[in-house]
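The following paragraphs go through a predicted model. They take up one chain, then its contact with a partner, and then the partner itself.

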Amino acid sequence: MISAVVPTCLGRARLERNLGTVAASLEASGEPWEIVVVDDGGGGLEALDTPARVLALPENRGYGPAVNAGAAAARGDYLLVLNDDVRLEPGTVSALRGRFPDPTLFAAVPSIRSPLAACGDEGGKAGEFTAGLLEIREVEADGPRPTLYPVGCCYLCPRAAFLGLDGYDDAFAPFFWEDVDLGYRAWARGLRTMHVPEAACDHEGSATLSESRTLDERERISFRNRVLFHLRNLRDPARRAASFGAWAAFALFETRAERLEGLAQAFARDAQDPRRRGRGPSDAAILDRVSPR
Amino acid sequence: MSRDVLEEILSAALHEKAIAPDGIADFAAGLRDRARLILEERLRPLKDRVDTLEKENAWRASAILSLTDENARVVDENLRVKDENARVQDEIVRLKAENARAKEAHARILDEVRQLKEESRAVQDESRRLKGEMEGLRAEWRTASVAHDRLLEHHRGLMRGAAEALAAVAELPVWRRGEARARLADLAAALRRDTA
């Protein structure tokens, strides 16, 4: 069974635009399915056009906690994690589902056509360390290839693998970098994420975020989570030392208040809840696996 | 805030031995390379502004050259216009003189016209006067002619009467000589009256 988990906040109009395509793609896969719409504190999701189970959260906590709640409530063996502004093609779910079962595969990501993507496809990602920090870039692909992380707006993964990774880290709530963190943790455990461009979807583009957050607030949260990602994931001592040097450079030379605020919040948040970094492949090895040759 | 954050970062780095001998080179590299990127990012608007100003400057230099050429052309044109203006001024002086002459000629002609008009009026007056006289003479002539015709008719009648009286006297018999004489005396008296 495939459980589509769709977190939303005040997204009824987007759901009514897009959820029908999700149901059609699930139905076309030939497998039993359900749609779990996670109402992230917004309300107003009674009697949707498309059959869906609405899981209402008491308060808005953001994308990661909402998906985690949906995954906990889901009954399927596979999770199809979706934003509410994503439209699927009829064959999208089948193409993603076709990559499983594979014990080394954590997630399969379709081609995500989006106005936000410089190359037109948000699905493929590679990373490299530059000046002490991980820099992420889009990668075009004409066939399946490893990608750094499952972009949060659309991917399919085994529910057990998602829960085995403890889902999204609530420290990244409300949004940004939680999907990079999840994918990186999966790679650190030897679980791949694959970009599968024969599956495709369309992403309207951060519709929920753009409606409810100021640019300064988004910059602060994004920068905080960028710092947090490095604090909680880098395992190579040399890369950690270089990243500390990079953060010191920001503390000394950055002038944007929202970034400095995010930097302070990240160190405070990580100090409150430090994550143990277990054994696994080095940062260099992880990035080597997702970098185009 | 940045000082506190820096302390926290350095504290964490110290705790993880990132600024210990083994990690200090990587820490310094990260600090140096990232600082360069941050400063480049901060300087980018200024650099963009400088690039823009340089482009504007180049454009202004080009515009100045173009305006200088245009100015030289305008100066040449100005000289040419001045020459033309001087020529036009000369022409104006010449035309003014000619105009003055024409005005004088015109005034003179007007005087002549006025004079000729006066003469014309005088001639017309004389003509009218002569016509009047001529009409008077013609009237006199017609009156004299009518009187002459009447007198001539009268004389003709008188001559016819005299001829008839003489013929009647000639018809009288000899015995009526006295009557003949009386008639001739009356006739002579009558002729005397009409010829007196």
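How many helices and how many strands does chain B have? In this predicted model, chain B has three helices and zero strands. Read from the N terminus, its elements follow the order α-α-α. The radius of gyration of chain B is 70 Å, whereas the globule rule gives 16 Å for 196 residues, so chain B is more spread out than a compact globule. Along the principal axes, the C-alpha atoms of chain B occupy a box of roughly 215 × 35 × 25 Å. Of the 196 residues in this chain, 6% count as buried.

Two of the helices of chain B pack against each other. Helix α2 of chain B covers residues 24-171 and helix α3 of chain B covers residues 177-195; their axes lie 10 Å apart and form an angle of about 170°. Angles over 145 degrees count as roughly antiparallel, and α2(B) and α3(B) are therefore roughly antiparallel to each other. On the α2(B) side, the contact is made by Leu158(B), Ala162(B), Ala165(B) and Val169(B). From α3(B) come Ala180(B), Arg183(B), Leu184(B), Leu187(B), Leu191(B) and Asp194(B). By class, the residues of this contact are eight nonpolar, no polar and two charged.

Chain B also touches chain A. Here 26 residues of chain B are in contact with 25 residues of chain A. On the chain B side, the elements that give two or more residues are α1 (2-15) and α2 of chain B. The most comes from α2(B), which gives 13 residues to this side.

Chain A is divided into domain 1, residues 2-211, and domain 2, residues 212-276. Taken over C-alpha atoms, the centres of domain 1 and domain 2 of chain A are separated by 25 Å. Between them, 17 residues of domain 1 of chain A are in contact with 19 residues of domain 2 of chain A. Which elements give two or more residues to the side of domain 1 of chain A that touches domain 2 of chain A? They are β8 (133-138), α5 (178-188) and α6 (207-212) of chain A. This side of domain 1 of chain A has 13 nonpolar, two polar and two charged residues.

Definitions and conventions:
Residues numbered from 1 in each chain as written. Chains lettered and ligands numbered in written order. Predicted model: local features only at pLDDT ≥ 70, side-chain atom pairs only at ≥ 80, totals over all residues. Domains from an automatic or database assignment. Contact = placed C-beta atoms within 7 Å. Helix = DSSP H or I, 4+ residues; strand = E, 2+ residues; numbered from the N terminus. Nonpolar A, V, L, I, M, F, W, Y, C, P; charged D, E, K, R; others polar. Axes fitted to C-alpha atoms, helices over the stretch in contact; angles between N-to-C directions. Parallel < 35°, antiparallel > 145°, perpendicular 65-115°, else oblique. Rg over C-alpha atoms; globule rule 2.2 N^0.38 Å. Buried ≥ 20, exposed ≤ 12 C-beta atoms within 10 Å, placed from the backbone.
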